[in-house]
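Here's a short walk through one model, helix by helix and then out into the loops. Have the structure open while you read.

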Amino acid sequence: MISVVLLYLAVGAFAGVLAGLLGIGGGLVIVPLLVFSYTLQGIPPEVLMHLALGTSLASIMFTSVASFRAHNKRGAVRWDVFRLITPGIIIGSLLGAEVASRMSSGFLKGLFVCFLYYVGSQMLLGIKPKSSRELPGTVGITGVGGVIGMVSSIVGIGGGTMSVPFLSFCNVPMHVAIGTASAIGFPIAVASTIGYVATGLSDPITPAYSFGYVYIPALLGIISASWFTAPLGAKLAHSLPVVKLKKIFAILLFVVATKMLLSLF
């Protein structure tokens, strides 16, 4: 049990740095590591992926706050964009949690693996949308928020892998896009967590110490470490070669995705 607690602390520390450094919310790391630790604990496979996604999103509520506060001190959060996109984010995130609850754990894992390969390819190849337009109007940005929220909820992330490219495409400077994405991760996490708790409360095979599809011991271990490391990541984002770091992280994503894919067979 002690080794599992230490693993949760390590996951939280790593996720916190990534949230601040790359604006990705940490879910891309948290979910597969939670799957690994839950498997070691013997948590029923039928709810394993749902618990990993719900717990990841619950932890992002805390990592996103620590991250966007640090970015905001540097003037790197567009609060006008945040206010416009949040209604769509909330609707999409709640809908995503409901959709995920109706999927099997194996199917959710397959979707997550596909998403890891997609994000890894995007990072490794340095694919970026050209900054060729301005931000859309209220209806457009609400629709974009809905898509980002729904996908993020289903794969257990803070949405940075989609919101950063979107904001960059709309001529928002990269460091501001990362800071704003970290703020957008908060309503994604809150709405999604509410959805995963609500849909999981009626599931009879969730383990002890779970609140819906949120596993409390893992959540406490992750947030206790990530709260302190997210500001460090935000600080590093303004001084380290983020592009090169993303390529290294992309290779890690490929390795993790392949390991998860093989576990499906």
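In α2, the buried set (under 20% relative accessible area, with exposed meaning over 50% and partly exposed in between, using a 1.4 Å probe and protein chains only) takes in Gly27, Leu28, Val29, Ile30, Val31, Pro32, Leu34, Val35, Ser37 and Tyr38. Helix α2 covers residues 27–41, 15 residues in total, and spans 20 Å from first to last C-alpha, close to the expected 21 Å. That expectation is 1.5 Å times one less than the number of residues. Just past α2, glycine 42 has a positive phi of about 80°. Helices here are DSSP runs of H or I with at least four residues, strands are runs of E with at least two, and both are numbered from the N terminus.

Keep in mind that this is a predicted model, where local features need pLDDT of at least 70 and side-chain atom pairs count only at pLDDT 80 or more, while totals for chains, interfaces and linings use all residues. Residues are numbered from 1 along each chain as its sequence is written, and side-chain values use heavy atoms, with hydrogens and water left out.

The unreviewed UniProt entry lists "transmembrane region" features, including residues 106–127 and 139–162. UniProt positions follow the numbering used here, feature names are shortened, and annotations may be inferred rather than shown by experiment. In the model, residues 106–127 are 86% helix and 0% strand, with end C-alpha atoms 29 Å apart. Residues 139–162 come out at 83% helix and 0% strand, and their end C-alpha atoms lie 18 Å apart.

How do α5 and α6 meet? The axes of α5 (residues 105–124) and α6 (residues 138–155) come within 9 Å and cross at roughly 115°. Those axes are lines fitted to C-alpha atoms over the stretch in contact, with angles running from 0 to 180 degrees between N-to-C directions. On the α5 side you'll find Leu108, Leu111, Phe112 and Phe115, which touch Val151, Ile154 and Val155 of α6 (contact being heavy atoms within 4.5 Å). The tally for this contact is seven nonpolar, no polar and no charged residues. Nonpolar covers Ala, Val, Leu, Ile, Met, Phe, Trp, Tyr, Cys and Pro; charged covers Asp, Glu, Lys and Arg; the others, Gly among them, are polar.

Also in α5 is phenylalanine 107, which is partly exposed at 48% relative accessible area. Phenylalanine 107 and histidine 50 sit 57 residues apart in sequence and 11 Å apart in space, C-alpha to C-alpha.

On to charges: the structure has two salt bridges, each being a side-chain nitrogen of Lys or Arg within 4 Å of a carboxyl oxygen of Asp or Glu.

Finally, a look at backbone angles. Most residues other than glycine have a negative phi. Asparagine 171 has a positive phi near 70°; this asparagine 171 sits in the loop between α7 (160–169) and α8 (174–200) and is partly exposed at 36%. Tyrosine 209, also not a glycine, has a positive phi of about 70°. Where is tyrosine 209 found? Tyrosine 209 lies in the loop between α8 and β1 (210–211), and is exposed at 64% relative accessible area.
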